[in-house]
Amino acid sequence: MSNVVIVGGGAAGMMSAITAAEIGHNVTLLEQNEKLGKKIYITGKGRCNLCNACDPEDFFAHVEKNSKFMYGAYYSFDSDSVMAFFEDGGLIIKTERGNRVFPVSDHASDVTKTLEKKLKSLGVKVVLNTKVTEILQKDGIISGVKTSKETIEADSVIICTGGVSYPSTGSTGDGMNFAKKMGIDVVKTAPSLVPLVTKEEYIPNLQGLALKNVTLNVYDGKKKIFSEMGELLFTHFGISGPLGLSASCKITERLQNFETFRAEIDLKTALTEQQLKDRIIKDTEENPKKMVKSLLPKYLPGKMAEVFEEILPFDTSKNCADLSKEDRNAFISLLKAFPFEIIGTRGLNEAIITRGGINVKEINPSTMESKKIKGLFFAGEVIDVDARTGGYNLQIAWSTGRLAGFNV
């Protein structure tokens, strides 16, 4: 039996601790917050989308950065394994649209309680309100950690301190700082899965409007870099919601090369241009004396109809009988490609995850152990791996945490 210290009591940290304890190690879990799993409580809007019940190919397709690094970790503890783990722990789960897995209770706290119950049953020593100040090593071999209160000897240390997003949850970049001090390369961090900032003045007028079953297309120059159907939310600064957050994964890495990104929303994904044309002709022929703007709410939510009145290249107070072919085509074009420009992202304090972290070249992907320091492991968001929304990032945490815990 060896002494194992886990630094950080989030998803990856708790999974690492459980796994190391299951195979007989003496495990101490250190958390600087007043409770474990603080970030878990805010995932999935407080419901905790704990994984995605997809096949492996789909999982890797949703990992935006360093997906190949995840092969060993994922195949050793995939989504089926995650679901079985929580069900064995007494958590009743359900699978919703997009294969997203949630607790039936819709309470993220139940996910953390399941993990805490397991930690307790295995005799893991959980120490809260304790900040680690230094990782101790001698001649390239781990020897322990220093905290704000004491020095703890350890044969292995697993760093699960998260990224730098949502710093209020304790993700302040400590793990990356520890790594740098030990000569381990860290990739520069940036916000990801983060709301997007737009240029047009009419976008803030749509604040609070949520659209479902629309398609967002984003381009850098002429190249389409993102296209996905789903939900989108307009804000006072731009766009958010699942589509906006997922698109940010493609934009974050390109911001250094492009100042703006052209974007379009297909507001009528289910209809072809011909179907829209037929419908508009029918509506205008049946209402020849009505103003065109009186028909807009039939096609658009209220706030969006008002914006269309502003940006359509013709006077919407004209009668439907006077709507020309060119006018109709302009209306159809806007419905199928509502335009705006993305000029940046919001900050790390609003980002769900962090792009960047411990360089994967520094870590053995089969064990999660540092290639430079024997007995030092990494798991979770502290590593330079990130994915889109839908439970994929928590899967990364569970899989890497499991693999690290198993290999100490």
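Leu334 is found in helix H11, where helices (H or I, at least four residues) and strands (E, at least two) are DSSP runs numbered from the N terminus. The model is a predicted one, in which local features need pLDDT of at least 70, side-chain atom pairs count only at pLDDT 80 or more, and totals for chains, interfaces and linings use all residues. Residues are numbered from 1 along each chain as its sequence is written, and side-chain values use heavy atoms, with hydrogens and water left out.

With a relative accessible area of 11%, Leu334 is buried; buried means under 20% relative accessible area, exposed over 50% and partly exposed in between, with a 1.4 Å probe and protein chains only. Not counting residues up to four places away in sequence, Leu334 touches Ile265, Leu267, Phe308, Ile311, Leu312 and Pro339, contact being defined as heavy atoms within 4.5 Å. The C-alpha atoms of Leu334 and Glu264 are separated by 9.0 Å, although the two residues lie 70 residues apart along the chain.

Helix H11 (residues 325-336) also meets helix H8 (residues 273-286): their axes come within 10 Å and cross at roughly 130 degrees. That angle makes H8 oblique to H11. The contact is made by Glu273, Leu276, Lys277, Ile280 and Ile281 of H8 and by Arg328, Phe331, Ile332, Leu335 and Lys336 of H11. Axes here are lines fitted to C-alpha atoms, for helices over the stretch in contact, and angles run from 0 to 180 degrees between N-to-C directions. Angles under 35 degrees count as roughly parallel, over 145 as roughly antiparallel, 65 to 115 as roughly perpendicular and the rest as oblique.

In the largest nonpolar core, which has 79 residues, Leu50, Ile135, Val157, Leu376, Phe378 and Trp398 touch the most other members. Helix H1 (residues 11-22) supplies the largest share of this core, eight residues. Apart from it lies another core, of 43 residues, among them Phe234, Tyr299, Leu335 and Phe340. A nonpolar core is a set of buried Ala, Val, Leu, Ile, Met, Phe, Trp, Tyr and Cys residues joined through side-chain atoms within 4.5 Å.

The protein chain has 12 helices and 21 strands, and 55% of its 408 residues count as buried. Its C-alpha atoms fill a box of roughly 85 × 45 × 35 Å along the principal axes. Among contacts between residues at least 6 apart in sequence, 73% join residues at least 24 apart.
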